[in-house]
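Please open the structure in a viewer and keep the selection tool at hand. The stops below are arranged as a tour, each beginning with a selection.

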Amino acid sequence: MNNIVAIVGRPNVGKSTFFNRLIQRREAIVDSVSGVTRDRNYGKSEWNGKEFSVIDTGGYIKGSDDIFEGEIRRQVELAIDEADVIIFVVDVEDGITPMDDEVAKLLRKVTKPVLLAVNKVDNAMRVDDAIEFYNLGLGDYYTIAGMSGSGTGELLDALTDLLPEPEEVEEEEALPRFAVVGRPNAGKSSFINALIGEDRYIVTDIAGTTRDAIDTKYNRFGFEFNLVDTAGIRRKAKVKEDLEFYSVMRSVRAIEHSDICILMIDATRGFEGQDQSIFWLAEKNRKGVVILVNKWDLIEKDTMSTRDYEKRIREELQPFNDVPILFVSALTKQRLLKALETAVQVFENRKQRVATSKLNELMLPIIENNPPPALKGKYIKIKYCMQLPTPTPQFVFFCNLPQYVKEPYRRFIENKLRENYDFSGVPIDIYFRQK
Ligand code: GDP
Ligand code: GDP
């Protein structure tokens, strides 16, 4: 299922150019639907019928000129921990630099597959120059030009050969799978410990479909659910670096493997860039989301009301802000049961199917009264709509001129659906198609 490919290498070798090429086609489709892109470093790609997530590790490290060697080292170590396949990009113009040597030294030790990509091989002459990269001791390499795309096909063939065959479509899991995510020190471990308490509540340990993700089944307060734990979360390893990269990288697998993401934020810090990235990751993967503002016990209630606080967060969540936000304390156990209840509710919301007749009864009169604005003198007529039988809510509206329906109208339709059905915490896709 979720295969994670990490792109590593020192700055300016062309990682992000190559990354953009990988995700381009998919991204174009997603963007036309949601109208937003908020992350340049994580995306989905597909080649030879195999899907994978791509992470441009370099994209998370800013200030590329005076980057520390230690930074690159940690970046590579984390990629080694979290990814299934690593693509190491080097630059034929520069040849082997000491930093390349350092990275190669780390990569030679790992058992995970590493693909060496010699980039900027724009012409035949440079093919010969690439030979020096055998000295990295990583075996054969692929010559590519990320800019033009030349050579990337062979690299991707090799990559997809390493990935497992796509599984049969999974049986719909009966139990909700919750991933507790958030930046370091938000209180994730405290929350999980408070929630699951003693070990006797553990029913079984089921090895997840991916190597590192583990579902553990719990029965608490009358709810049954699986907590998605990953090596990343469990190891948790006193990650001191409070960098966006680390929490995002550590969340990817858990998020992809879950149904619902319980995003914990630290009330004393507010909703920050890292929270934004993790939230976006969940939304992009069409997961349900519940936001827990943790450590609420530390907030002076005179200076900050829940309502103000909530409003501020919702502004950050735009445009997907129909998300439950709860104020909790893992320490005093305040509202933890409510948090669990809400997560289960979001799971139900995500599964719900609206009958076609009911949907049309509701939506057609609304559309009749507020039709899409005419464009270039052409009137758009929406005739019929239905929810698709997909694992996450997707709706299709059939009309004569789908290409003339613009984002504001799509949003209007989404708002109407949300007003009438409980899709709180759940991303919705809406398509307009020719009938
Ligand atoms: P990153 O820091 O590793 O993400 O590198 P970038 O993707 O930002 O690229 C660094 C520079 O290399 C940019 O100026 C790119 O235009 C350039 N570049 C990327 N790929 C190629 C390529 O295939 N050929 C050439 N000649 N330049 C490239
Ligand atoms: P994680 O890195 O997200 O797993 O965070 P931890 O669960 O390890 O918590 C980080 C620190 O915050 C620890 O010192 C916790 O005791 C503290 N903490 C967690 N939840 C709360 C809370 O609700 N209130 C207060 N006051 N402290 C908390």
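Helices here are DSSP runs of H or I with at least four residues, numbered from the N terminus. The model on display is a predicted one.

**First stop: ligand 2**

Select ligand 2 and the residues around it. Which helix gives the most to this shell? Helix α6, residues 188-196, does so, with three residues. The shell has 15 residues, of which Gly187, Lys188, Ser189, Ser190 and Leu331 come nearest to ligand 2. By class, five residues of this shell are nonpolar, seven are polar and three are charged.

**Second stop: ligand 1**

Move to ligand 1, which has 16 residues around it. Those that come nearest are Gly14, Lys15, Ser16, Thr17 and Ala145. Helix α1, spanning residues 15-34, supplies three residues, the largest share of the shell around ligand 1. Nine residues of that shell are polar, four are nonpolar and three are charged.

Select helix α5, residues 152-162, and colour Thr152, Leu155, Leu156 and Leu159, which are buried. Why do these residues belong to one side of α5? They cover an arc of only 95° around the axis, and therefore lie on the same side of the helix. Turn to the other side of α5 to find Gly153, Glu154, Asp157 and Asp161, which are exposed.

Next, select Ser148, in the loop between β6 (141-143) and α5. Is Ser148 buried or exposed? Ser148 is exposed, because 12 other C-beta atoms lie within 10 Å, and a residue with 12 or fewer counts as exposed.

Display helix α2 (residues 69-82) together with helix α3 (residues 98-108). The two pack at an angle of about 30°, and their axes are 10 Å apart. This angle makes α2 roughly parallel to α3, since angles under 35 degrees are classed in that way. The crossing in which α2 passes α3 is right-handed.

Begin with Asn48, in the loop between β2 (42-47) and β3 (50-56). Asn48 is not a glycine, yet its phi is positive, at about 50°. With 10 other C-beta atoms within 10 Å, Asn48 is exposed.

Continue to Lys295, in the loop between β12 (288-294) and α10. Lys295 also has a positive phi, of about 65°, although it is not a glycine. Lys295 counts as buried, because it has 23 C-beta neighbours inside 10 Å and the threshold for a buried residue is 20 or more.

Then select Gln318 and Pro319, which are joined by a cis peptide bond with omega of about -5°. Pro319 is located in the loop between α10 (306-317) and β13 (325-327).

**Last stop: Glu361**

Finish at Glu361, in helix α12, residues 356-369. Glu361 counts as exposed, with 10 C-beta neighbours inside 10 Å. Where does Tyr384 lie relative to Glu361? The two residues are 23 residues apart along the chain, and a separation of 9.9 Å is found between their C-alpha atoms.

Note on methods:
Residues are numbered from 1 along each chain as its sequence is written. Chains are lettered from A and ligands numbered from 1 in the order in which they are written. This is a predicted model: local features need pLDDT of at least 70, side-chain atom pairs count only at pLDDT 80 or more; totals for chains, interfaces and linings use all residues. A residue is near a molecule or strand if its C-beta atom, placed from the backbone, lies within 6 Å of it. Ala, Val, Leu, Ile, Met, Phe, Trp, Tyr, Cys and Pro count as nonpolar, Asp, Glu, Lys and Arg as charged, and the others, Gly among them, as polar. The arc is that of the directions from the helix axis to the C-beta atoms. Axes are lines fitted to C-alpha atoms, for helices over the stretch in contact, and angles run from 0 to 180 degrees between N-to-C directions. Angles under 35 degrees count as roughly parallel, over 145 as roughly antiparallel, 65 to 115 as roughly perpendicular and the rest as oblique. A crossing is left-handed if the near helix is turned anticlockwise from the far one by less than a right angle, and right-handed if clockwise.
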